[in-house]
Amino acid sequence: MVNLEAFFKISYGLYIVSSGNKEKGNGFISNSVFQVTAEPAQFAACCNKDNLTAEIIKQSGAFSISVLHQDVKTELIGKFGYKSGKNMDKMTGTNFIYGETGIPIVTDDTIAYLECKLVNTFDVGTHLIFIGEVIQSEILDNNSEPITYAYYRNVKRGVAPKNAPTYIDKSKLKKEEPKSDSHKYKCPACGYIYDPEKGDPDNGIAPGTKFEDLPDAWLCPVCGSEKEDFYKI
């Protein structure tokens, strides 16, 4: 028997892996980044083949890794983890710098970053593992703790997006039961909470609108998850 909950005991971090140039940049949330050698210092980053960033990394020959802190904004995770760069410019409204190779390096909610020159690529089915040699690294915040995937799941109540190598179909897990008679609903992907008292004015939903009265086509304003995925809290 395979107990999927056992997978969550493996330790991961949470990062933004990005690449591109001054004309076009993109990135994605990754929890599969790890060091593979010390001399020279090389890191691996796993990326779904469908991710736009995968093609950009192959074209640019470089990628960056931004280490996020525990208080990372939900909106940042929503933008880079649950939205596609094929439909939006993720770098717009994001603070970043350009590295030595000309690739963008996200600095929002980042405590450290690494810039890597691509040296090898491994095809592992649905994903590619990019191996990069570190050519530049810097610490931006010595006081904050890096966020782990366990913290993201247990404290922020987030789950991996569908393109992540650690994604597990939520239908295979035990469903979280409502804890009260509250009429607030929570997105299982990014943790966004729909509060009827506040509504969703940015998307034309007036305060006082009950969750069940939302249009069926309504999507999570942070990550784009469908209404049917929300659960009552």
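## A friendly tour of a predicted protein model

Let's begin with a charge and a ring: Lys-227 lies over the face of Phe-211, 5.6 Å from the ring centre. The model you are looking at is predicted, and the average pLDDT of the protein chain is 87. Its 233 residues include 45% that count as buried. The chain holds three helices and twelve strands. The points below take you through it by topic.

- A pLDDT of at least 70 is reached by 87% of the residues.
- Take care with residues 176–182, where pLDDT stays under 50.
- Eight contacts beyond four places in sequence are found in the model for residues 176–182.
- Where pLDDT is low, the predicted coordinates should not be read in detail.

**The chain as a whole**

- Among contacts with a separation of 6 or more, 63% are between residues 24 or more positions apart.
- The protein chain exposes about 12,500 Å², and 49% of that area comes from carbon and sulfur atoms.

**Aromatic rings**

- A pair of aromatic rings is described by the distance of the centres and the angle of the planes.
- How many aromatic pairs does the structure hold? There are eight.
- One of them joins Tyr-192 and Phe-230: the ring centres are 6.4 Å apart and the planes meet at 80°, so this pair is edge-to-face, since an angle over 60 degrees counts that way.
- Tyr-192 and Phe-230 are both buried.
- Phe-211 and Trp-218 make an edge-to-face pair too, because their ring centres are 6.2 Å apart and their planes stand at 85°.
- Phe-211 has a relative accessible area of 7%, so it is buried; Trp-218, at 6%, is buried as well.
- Which residues do ring pairs link into a cluster? They are Tyr-185, Tyr-192, Tyr-194, Phe-211, Trp-218 and Phe-230.
- Elsewhere, Lys-22 lies over the face of Tyr-98, at 5.5 Å from the ring centre.

**Helix H1 and what follows**

- Helix H1 covers residues 52–60, and its buried residues include Thr-53, Ala-54, Ile-56 and Ile-57.
- Why do the buried residues of H1 line one face of the helix? Seen down the axis, they fall within an arc of 165°, so they line one face.
- The packing partners of these buried residues are strands S1 (15–20), S2 (25–30), S4 (42–48), S5 (62–68), S8 (110–123) and S9 (127–139).
- Gly-61 follows H1 and has a positive phi, near 75°.

**Ala-62, in strand S5**

- Ala-62 belongs to strand S5, and its relative accessible area of 2% makes it buried.
- Ala-62 and Thr-101 are 39 residues apart in sequence, yet their C-alpha atoms are 7.1 Å apart in space.
- Leaving aside neighbours within four places in sequence, Ala-62 is in contact with Ser-19, Ile-57, Thr-101, Ile-103, Cys-116, Lys-117 and Leu-118.

**Ser-225, in a loop**

- Ser-225 lies in the loop between S11 and S12.
- Is Ser-225 buried or exposed? With 12% relative accessibility, Ser-225 counts as buried, because the cut-off is under 20%.
- Ser-225 and Lys-83 are 142 residues apart in sequence, while their C-alpha atoms are 9.6 Å apart in space.
- Beyond four places in sequence, Ser-225 is in contact with Cys-187, Ala-189, Leu-219, Cys-220 and Phe-230.

**Backbone features to look for**

- Most residues other than glycine have a negative phi, and most peptide bonds are trans.
- Which two residues does a cis peptide bond join? They are Glu-39 and Pro-40, with omega about -5°.
- Pro-40 is found in the loop between strand S3 (33–37) and S4.
- Asp-109 is not a glycine, yet its phi is positive, about 50°.
- The loop between strand S7 (104–106) and S8 is where Asp-109 is placed, and with 12% relative accessibility Asp-109 counts as buried.

Terms used
Residues numbered from 1 in each chain as written. Predicted model: local features only at pLDDT ≥ 70, side-chain atom pairs only at ≥ 80, totals over all residues. Heavy atoms only, no water. pLDDT = per-residue confidence, 0-100. Contact = heavy atoms within 4.5 Å. Phe/Tyr/Trp six-rings, centres within 6.5 Å; stacked < 30°, edge-to-face > 60°. Buried < 20%, exposed > 50% of the residue type's maximum accessible area, 1.4 Å probe, protein only. Lys NZ or Arg CZ within 6 Å of the ring centre and 35° of its normal. Helix = DSSP H or I, 4+ residues; strand = E, 2+ residues; numbered from the N terminus. Areas by Shrake-Rupley, 256 points an atom, 1.4 Å probe, with all protein chains shown as cover. Arc of directions from axis to C-beta.
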